[in-house]
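Here are my notes on the structure you asked me to look over.

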Amino acid sequence: MGILLPRHDHGSSGFRTIPIKPAIMRILLVEDHQDTRQLLTHLLTHWGFDVAPADNLESGLNRLESEPIDVILSDIALPDGTGYALVSEARRRGKEVLAIALSGYNYPGEVQIAKLTGFDHHLSKPCDCHQLRSLLQETIDRKRSVVAC
């Protein structure tokens with residue numbers, strides 16, 4: 001990962017890459033569909049994030065309890081419960097995390113329930129990767145500004 005800049009050396013052409021290292025955040029990804037979970041894990045890792053994948057509510061709750069988590073990215077419909085229950089429990093435990101719902105439904109009622117149960121944002125599937133990255137970057141920027149104060 002890096003920034004591509006033009007070369008200014010005499011006699012050379014092309015570009016040089018200046019490496020950048022993003023602030024690492026740990027993302028709890030709870031998604032029961034294996035292909036989607038693997039694809040999102042790969043994408044988030046490529047972006048420089050540390051991903052803790054889980055395939056159901058129980059394993060998500062276990063990871064939330066035993067590992068430091070900065071972001072919860074969760075499907076709503078899980079085989080043993082819901083993403084609503086996951087985030088509601090995270091909030092009850094006092095976890096200060098960014099919570100992003102992933103849902104196959106984009107009905108106003110779905111979005112409202114997600115907000116009421118503690119989600120900060122609601123993204124519909126298929127996920128808009130640019131929007132997801134923007135939400136994550138905003139969180140990184142906010143954390144950096146808090147640290148700088």
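The points below start with the cores and then turn to the salt bridges.

1. A word on the source before anything else: this is a predicted model, so please read each point with that in mind.

2. Let's begin with the packing. The largest nonpolar core has 20 residues. Those touching the most other members are Leu-28, Val-30, Leu-64, Ile-69, Ile-72, Leu-86 and Phe-119. Two or more residues each come from strands β3 (26-30), β4 (50-54) and β8 (98-103) and from helices α2 (57-66) and α3 (83-92). Helix α3 gives the largest share, with four residues.

3. Leu-86 deserves a look on your screen. Setting aside residues up to four places away in sequence, Leu-86 touches Val-30, Leu-57, Gly-60, Leu-61, Leu-64, Ile-72 and Ser-74. Apart from the core described above there is another one, made of 18 residues and including Leu-40, Trp-47, Leu-123 and Leu-132.

4. Now for the charges: how many salt bridges does the structure hold? There are nine. One of them pairs Glu-67 with Arg-26, where the closest N and O atoms are 2.3 Å apart. Arg-26 sits in strand β3 and Glu-67 in the loop between α2 and β5 (71-75), so this pair ties together parts that lie 41 residues apart in sequence. Both Glu-67 and Arg-26 are buried.

5. A second pair is found within helix α3. Here Arg-92 and Glu-89 form a salt bridge, at 2.6 Å from N to O. The two residues are three apart in that helix, which is about one turn. Are the two partners buried or exposed? Arg-92 counts as exposed because its relative accessibility is 62%, and the cut-off for exposed is over 50%. Glu-89, at 19% relative accessible area, is buried, since buried means under 20%.

6. Glu-89 has a further partner. Arg-93 also forms a salt bridge with Glu-89, and the closest N and O atoms are 2.9 Å apart. With a relative accessible area of 30%, Arg-93 is partly exposed.

7. Elsewhere, salt bridges that share partners link Arg-26, Asp-50, Arg-63 and Glu-67 into one network. The Glu-67 and Arg-26 pair from point 4 therefore ties parts 41 residues apart in sequence, and both of its residues belong to this network.

Technical notes
Residues are numbered from 1 along each chain as its sequence is written. This is a predicted model: local features need pLDDT of at least 70, side-chain atom pairs count only at pLDDT 80 or more; totals for chains, interfaces and linings use all residues. Side-chain values use heavy atoms; hydrogens and water are left out. A nonpolar core is a set of buried Ala, Val, Leu, Ile, Met, Phe, Trp, Tyr and Cys residues joined through side-chain atoms within 4.5 Å. Buried means under 20% relative accessible area, exposed over 50%, partly exposed in between (1.4 Å probe, protein chains only). Contact means heavy atoms within 4.5 Å. A salt bridge is a side-chain nitrogen of Lys or Arg within 4 Å of a carboxyl oxygen of Asp or Glu.
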